[in-house]
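I am opening this notebook to record what I looked up, entry by entry, with the cut-offs written beside the terms.

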Amino acid sequence: MKEIFIYYLTRRFFNHKRIICLGAVIAVLSATVSCQPPKEDVSPAFTASTTDASVALQWMDLFLIIDRYAPGYRPPVAARALAYIGLATYETMVPGSAHYQSIANKLAGLTVPKPETGKSYRWEVALNESYYQMMKGLFPQVSLRDKAKMDSLYAKLNATTATTEELSRSRKFGEAIAAAVMAYSKTDVAGDAAYLRNNPVDYVPPKGTGKWQPTAPDFTRALLPYWGKVRTFVASESDKLAKEPLNYSSNIKSTLFAQGLEIYTATTPLTSEEQWIGEFWSDDIYQLTFEPAGRWIAIACAVIRQENASLDKAVYTFAKVGMSLSDVGVACWNSKYIYNIERPIHYIQRTIDPTWRTRLNNPISIMVGITPPFPSYPSGHSCFGAAAAEVLTDIYGTAYAMTDRCHEGRTEFKGKPRSFNSFYEMAQENAYSRIVLGVHYRMDCEEGLRMGYAIGRKVNQLAWEK
């Protein structure tokens with residue numbers, strides 16, 4: 001078009017014998033046409049797919065520290081927090097990802113802000129803001145020392161060379177997403193601020209032979225007996241109901257007796273290898289380690305570092321793992337308080353050996369032979385492990401070999417790392433660990449694995465990828 005227009009002008013100027021001005025006109029016209037700005041890109045750049053995962057990893061590392069000491073944040077409260085943090089940061093990241101898309105429209109009642117078209121964003125800055133706001137919102141009860149750790153990490157990650165306008169826009173977007181997700185989380189009345197009502201005094205466990213009652217040595221009240229009412233992301237009501245457990249029987253020929261005897265035999269005595277397995281996966285003790293749901297975030301962090309994953313893949317991983325942990329926690333606790341199956345300690349002391357006790361000890365309180373304060377069936381550890389393993393397998397493959405160094409260097413128990421050939425192998429050993437500690441029957445662990453795998457698959461089926 002430019003050449004045609006110049007040709008037309010040339011003819012006109014020749015006809016009027018204004019040759020002397022022709023060169024100047026053509027020069028000006030050429031400059032004007034060639035300097036037209038390129039068409040502005042209407043989509044933010046997909047830099048989350050090329051940026052490293054440092055911001056996400058540092059916040060999840062801090063989560064595990066906060067989780068260890070946060071009052072009321074044992075499973076499954078922590079799993080729920082992981083889901084909402086994961087959701088907020090995922091929705092913050094997706095506009096900058098070449099691979100992933102929003103899932104907000106799959107969650108009834110959630111609407112998230114959109115970035116401005118044609119504007120540049122620093123996605124690591126937006127994510128830093130989103131993580132910070134979510135952590136502050138979900139952990140208001142933690143110590144001033146832990147709050148200072150959040151402030152310190154936030155300030156450290158805010159050190160950037162971005163322009164003032166770009167930086168401000170990125171922060172505001174991350175803050176807006178976090179505000180929307182926090183508001184959404186508060187509409188879940190049963191789950192919001194549940195750390196304040198872990199052991200409600202109004203709950204009275206049903207009595208009867210084989211029914212759960214508080215256990216020695218501390219006789220702690222039931223933990224989160226109403227957690228089955230918490231909102232789920234993908235799990236249906238049928239997903240929240242475990243299969244029927246074995247009927248109670250003290251008959252030595254019954255399957256339940258065989259499972260009680262399996263625990264008794266495995267723990268009397270407990271071999272050094274089985275003690276290592278039991279303690280390696282325990283994460284039961286408040287202030288000693290992060291809790292069992294957080295354990296799988298620690299594993300995810302190790303995988304992301306091993307893979308040198310991009311920022312968007314890391315955030316995607318954390319969102320899927322968190323959502324699966326939260327939903328399976330709701331399903332597990334729902335079933336626990338439907339069936340109210342007693343813990344092995346009561347069954348074994350009644351039918352096999354009145355002096356027997358579990359092999360789970362608390363080095364913080366110096367109590368020995370403890371049992372988690374909620375019904376036995378199904379196993380929470382098994383549920384969490386299977387759900388996370390299903391999601392991690394979907395992302396990183398069925399034969400992903402890794403060494404779990406979560407407790408390397410600990411002296412309260414054997415913290416030596418253990419190596420595995422797949423996430424499924426990890427989930428299965430995690431489940432088995434509850435038998436050798438004496439806190440779960442085999443049926444608890446097998447059903448926990450089944451439920452976890454099923455819910456993990458439903459999380460995988462969401463339309464995460466473009």
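I began with Phe219, which I found in the loop between α7 and α8; helices here are DSSP runs of H or I with at least four residues, strands are runs of E with at least two, and both are numbered from the N terminus. The phi of Phe219 is near 55°, a positive value in a residue other than glycine. I noted that this is a predicted model, in which local features need pLDDT of at least 70, side-chain atom pairs count only at pLDDT 80 or more, and totals for chains, interfaces and linings use all residues. Residues are numbered from 1 along each chain as its sequence is written, and side-chain values use heavy atoms, with hydrogens and water left out.

Next I looked at other backbone features. In the loop between α7 (164-186) and α8 (255-266) I also found Pro217, which a cis peptide bond with omega of about 0° joins to Ala216. A cis peptide bond also joins Pro75 and Pro76, with omega about -5°, and Pro76 is in the loop between α3 (54-69) and α4. Asn308 has a positive phi of about 50° although it is not a glycine, and I placed it in the loop between α10 (292-307) and α11 (311-339). With a relative accessible area of 65%, Asn308 is exposed (exposed is over 50%, buried under 20%, partly exposed in between, with a 1.4 Å probe and protein chains only).

I then turned to a helix pair. The axes of α4 (residues 77-93) and α5 (residues 123-138) come within 9 Å and cross at roughly 155°, where axes are lines fitted to C-alpha atoms over the stretch in contact and angles run from 0 to 180 degrees between N-to-C directions. The two helices, α4 and α5, are therefore roughly antiparallel (under 35 degrees is roughly parallel, over 145 roughly antiparallel, 65 to 115 roughly perpendicular, the rest oblique).

My last entry on side chains concerns cysteines. How many disulfides does the structure hold? I recorded zero disulfides, a disulfide being a pair of cysteine sulfur atoms within 2.5 Å. The sulfur of Cys332 has its closest cysteine sulfur in Cys383, at 3.7 Å, which is too far for a bond. Cys445 is in no disulfide either, the nearest cysteine sulfur being that of Cys383, 9.7 Å away. Cys332 counts as buried at 1% relative accessibility, and Cys445 counts as buried at 4%.
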